[in-house]
Amino acid sequence: MTDLSAAAPEPVAEERTGTPVDAQEILVLDYGGQYSQLIARRVRDCGVFSELMPHHVGLERVAERKPRGIILSGGPASVYAPGAPRLERGLLELGVPVLGICYGMQLLVHELGGRVEQAEVGEFGRSQLTVSDPGVLLAGTPSEQVCWMSHRDTVYQAPAGFTALASSSASPVAAVEDTERGIYGIQFHPEVVHTPYGEEILIRFLAEICGCDRTWSAAGIVDEQIARIREQIGNGRVICGLSGGVDSSVAALLVHRAVGDQLTCVFVDHGLMRKAEGEQVISAFRDTFKVPLVAVDAEQRFLEKLKGVSDPEAKRKAIGAEFIRVFEEEAAKISAEEPARYLVQGTLYSDVIESGGGTGAATIKSHHNVGGLPDDLQFELVEPLRTLFKDEVRAVGAELGLPERLVWRQPFPGPGLAIRVVGGEATKERLDVLREADHILQEEIRKAGLYRELWQSFCVLPDVRTVGVQGDERTYGYVIVIRAVTSDDAMTADWARLPYELLETIASRMINELREVNRVVLDITSKPPGTIEWE
Ligand code: XMP
């Protein structure tokens, strides 16, 4: 299998407006580093709530959050480059500890009078760290340890008042601290798994230095979220477009816990789902959780709209537009007696960061899983997952008793199988072949115990036929492409090294069980240069 531990680059955060859900909070100021989001995630993994803010957010905004500590992230700039992000000196006067990581450390050192210079060679990847004086930050970690570096500039001399704690071959000063002023810096990345003592070092910063009690967990905030939802909705009516994905499922369940039958879920089956997916969603919500649910079988309507459409973006538009029509019709029926004022969205924290934040009422996810809802929908948004990362949403889902199958469902695009019939029209016949092939793939991957390790695994059906021979007869059938990838966040992905025996079983089942298929191929393209989907 591909090494699942590789940390993927994270997008640069911009303005965001999450609300703190815990009094003990660590703010991560983002200087544009590829691991900035990961730092916030790791801090949360260590039991302390953490949010990302752009480095230029301003002292006032930082101060009003009353963080227990501040982390300055890495970033691509050199402190000497014109226009390089600067340090707001007031941050050091807030009376809370500050930890600079990589560029964050260089910035602290440079601003406080130490010496930062471009090294003769950059230091990228694994490095050997030699700890000369563990100080407070590195206490309890070995004097020789491996760490992950990614920098060109390096610190040659710590500022006055600082103690240099460690070095590596290309970093004369790889960690510093000034316990009097509460300022700490590390050149390496504690947030990536390739730094084995990274978590311990982060915990030292959070617990010993910032005094956090490390009791935060995503599952632990369910009650708090429910109270907030009740406060927002009061006794109003609320609707939720359920897609079957983990985000909308968890959001809907939380809202149902909060306001019960004031919620109605709408599940639009566009006929582009995977096999039995619709029934699973309906059974979980209607039968198990007793959530009022309107399930609309709209397959014919969608197939009609997809007639003659082969361009990927045209497919997405056709599906998105039809989805809105169906959803609006159903919403109008639900609202006929008493208008629904609220709409539940499964917006995640990563969406908030990537879309540049906003106040919640204004932003409707442009790539929403159901195809994008129009801006003029007259609803106030309820977004109970707005401060959570995906893995935390799964933890909340498990806490709420969502079946494992739904909790661990791999991401599935809103336009569904239509964008996996590639290069041609998504006809009912092709969709059915693809759905059956996909079912075989999922069954075998689950049987092999690999489902959760893969970010996504699916089949693609190109609009071509190839010649084969079966039982002395010439065949002219469909090709099925197997696509399986590992990823942290879909920004980058690697093709999964599925075992040959498994691939053989899958291929022979597809060819034996599906008359229309006579060839199976494997996609071994990573992202970049490929994308995960084929369209
Ligand atoms: P790509 O193909 O761009 O996909 O590497 C990245 C992630 O996004 C999903 N995806 C979509 N999701 N509507 C969605 O809701 C879409 O139109 C869409 N296109 C791609 C894809 O499955 C992967 O997880």
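The sulfur of Cys46 lies 10 Å from the closest cysteine sulfur, that of Cys212, which is too far for a bond. The model is a predicted one, in which local features need pLDDT of at least 70 and side-chain atom pairs count only at pLDDT 80 or more, whereas totals for chains, interfaces and linings use all residues. Residues are numbered from 1 along each chain as its sequence is written, and side-chain values use heavy atoms, with hydrogens and water left out.

A disulfide is a covalent bond between the sulfur atoms of two cysteines. With a disulfide taken as a pair of cysteine sulfur atoms within 2.5 Å, a search of the whole structure returns zero disulfides. For Cys210, the closest cysteine sulfur is again in Cys212, at 5.3 Å, a separation too far for a bond. Burial was assigned from relative accessible area (buried under 20%, exposed over 50%, partly exposed in between; 1.4 Å probe, protein chains only). By this criterion Cys46 is buried, with a relative accessible area of 3%, and Cys210 is buried as well, at 8%.

The chain is divided into domain 1 (25–209), domain 2 (219–407) and domain 3 (427–522), the bounds being taken from an automatic or database domain assignment. A distance of 45 Å separates the C-alpha centres of domain 1 and domain 3. The secondary structure of the chain comprises 14 helices and 20 strands, where helices (H or I, at least four residues) and strands (E, at least two) are DSSP runs numbered from the N terminus. The radius of gyration of the chain is 26 Å, close to the 24 Å that the globule rule gives for 535 residues, so the chain is as compact as a globular protein of that length. Here the radius is taken over C-alpha atoms, and the rule is 2.2 Å times the number of residues to the power 0.38. Along its principal axes, the C-alpha trace spans about 80 × 65 × 40 Å.

Of the 535 residues, 57% count as buried. Among contacts in the chain with a separation of 6 or more, 76% are between residues 24 or more positions apart, a contact being defined by heavy atoms within 4.5 Å.

Ser168 belongs to strand β7 (residues 163–168) and counts as buried, at 10% relative accessibility. When residues up to four places away in sequence are not counted, Ser168 touches Glu123, Gln128, Met149 and Ala174.

Several backbone features were also identified. Cys102 has a positive phi of about 55° although it is not a glycine. This residue is placed in the loop between β4 (98–101) and α3 (103–111), and at 3% relative accessibility Cys102 counts as buried. A positive phi, about 65°, is also found for Asp472, which is not a glycine. Asp472 occupies the loop between β17 (465–470) and β18 (473–486) and counts as exposed, with 81% relative accessibility.

The peptide bond from Lys527 to Pro528 is cis, with omega near -15°, and Pro528 is located in the segment after β20 (517–522). Pro528 and Pro529 are likewise joined by a cis peptide bond, for which omega is about 10°; Pro529 is found in the segment after β20.
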